[in-house]
Amino acid sequence: MREKAKAQAGMLYDANFDEELLKERAAAKELLYEINHLRPSQHSDKDRLYKKLIGKLGERFLIESPFHCDYGYNIEIGDDFYANVNLVILDGAKVKIGDHVFIAPNVGLYTAGHPLNIAKRNAGLEYAYPITIGNNVWIGAGVSVLPNVVIGDNCVIGAGSVVTHSIPPNSLAVGNPCRVIRTLNEEESE
């Protein structure tokens, strides 16, 4: 089984020494270099490059530079998406983002993790589990979303939160670890 297939299956895989994955990450880094060095006025050039990099990209999006990811092709973004500066998506597994999602500065979506076993970790093995973000979600500044998390529709994740577990729809959630502090009321969820 190839390392890429192992990653897609949620198994431990060699992300550090596998030639295919290294080549794919290098190609993504070349596109990211171009994107992150364009002038702010070069919207159409940026959009063209993002469409080349990202696996699925909806209508009306704006991703402020700099932006970083591992591969790009594992990222799916819905319509009306906005990400402020310094968004990092480690997309060893799928990252699915719904419609009308707003992401503040310095947010990280991390599908990657490493085994506790020292020998496996030192051998360059890691795992990747998906992240799913629903529709109408606002993620505050400095949030980290860890592997295997689902953030439901209509959620607000407070600044500085570390999201280690899934968050149900219509929730206001904050903290480290992130926890639901209340359900959004009907007016807030419209």
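Start by selecting isoleucine 133 and isoleucine 151: isoleucine 133 stands opposite isoleucine 151, which is in β16. You are looking at a predicted model, where local features need pLDDT of at least 70, side-chain atom pairs count only at pLDDT 80 or more, and totals for chains, interfaces and linings use all residues. Residues are numbered from 1 along each chain as its sequence is written, and side-chain values use heavy atoms, with hydrogens and water left out.

**Stop 1: the parallel sheet**

Select residues 131-133, strand β13. Two words first: strands (E, at least two residues) and helices (H or I, at least four) are DSSP runs, numbered from the N terminus. Two strands pair if DSSP finds at least two bridges between them. Strand β13 runs parallel to β16, joined by 2 bridges. Now widen the selection. Both belong to an open sheet of 5 strands in the order β2-β5-β8-β13-β16, with parallel pairing. Its edge strands are β2 (56-57) and β16 (150-151), and each pairs on one side only.

**Stop 2: the hairpin**

Select β19 (residues 171-174) and β20 (residues 179-183). They pair in the antiparallel sense over 4 bridges. They form a hairpin with 4 residues between them. Click glycine 175 in the turn: its phi is positive, about 105°. Next, pick alanine 173. Its bridge partner in β20 is valine 180. Isoleucine 157 also stands opposite alanine 173. Strand β17 (residues 156-157) pairs with β19 in the parallel sense over 2 bridges.

**Stop 3: the antiparallel sheet**

Select β1, β12 and β11. They make an open sheet of 3 strands in the order β1-β12-β11, with antiparallel pairing. β1 (13-14) and β11 (112-113) have a single partner strand each, so one side of each has no neighbour in the sheet. In this sheet, β1 pairs with β12 (residues 125-128) over 2 bridges. Aspartate 14 stands opposite leucine 125.

**Stop 4: the cavity**

How many cavities of 30 Å³ or more does the structure hold? It holds 1. On a 1 Å grid over the protein atoms alone, a cavity is a set of points where a 1.4 Å probe fits but cannot get out; lining residues have an atom within 4 Å of a point. Grid points are joined across faces, edges and corners, and the volume is the space filled by probe spheres set on the points. The largest cavity has a volume of about 50 Å³. Select its lining: Lys4, Ala7, Gln8, Tyr13, Leu21, Tyr71, Tyr73, Asn74 and Gly92. Helix α1 (residues 3-8) gives the largest share, 3 residues.

**Stop 5: salt bridges**

Side chains of opposite charge can pair when their charged atoms come close. A salt bridge here is a side-chain nitrogen of Lys or Arg within 4 Å of a carboxyl oxygen of Asp or Glu. The count comes to 6. Select glutamate 24 and lysine 4, which meet in a salt bridge (2.8 Å, N to O). Glutamate 24 lies in helix α2 (residues 19-36) and lysine 4 in helix α1, so the pair ties together parts 20 residues apart in sequence. Then select arginine 48 and aspartate 45, another salt bridge (3.9 Å, N to O). Both lie in helix α3 (residues 43-53), 3 residues apart, about one turn of the helix.

**Stop 6: the cysteines**

Select cysteine 155. Is it buried or exposed? Cysteine 155 is buried, with a relative accessible area of 0%; buried means under 20%, exposed over 50%, partly exposed in between (1.4 Å probe, protein chains only). A disulfide is a pair of cysteine sulfur atoms within 2.5 Å. The whole structure has 0 disulfides. For cysteine 155, the nearest cysteine sulfur, that of cysteine 178, is 8.9 Å away.

Methods. On a 1 Å grid over the protein atoms alone, a cavity is a set of points where a 1.4 Å probe fits but cannot get out, and a pocket is an open set with protein on both sides within 12 Å along at least five of seven lines; lining residues have an atom within 4 Å of a point.
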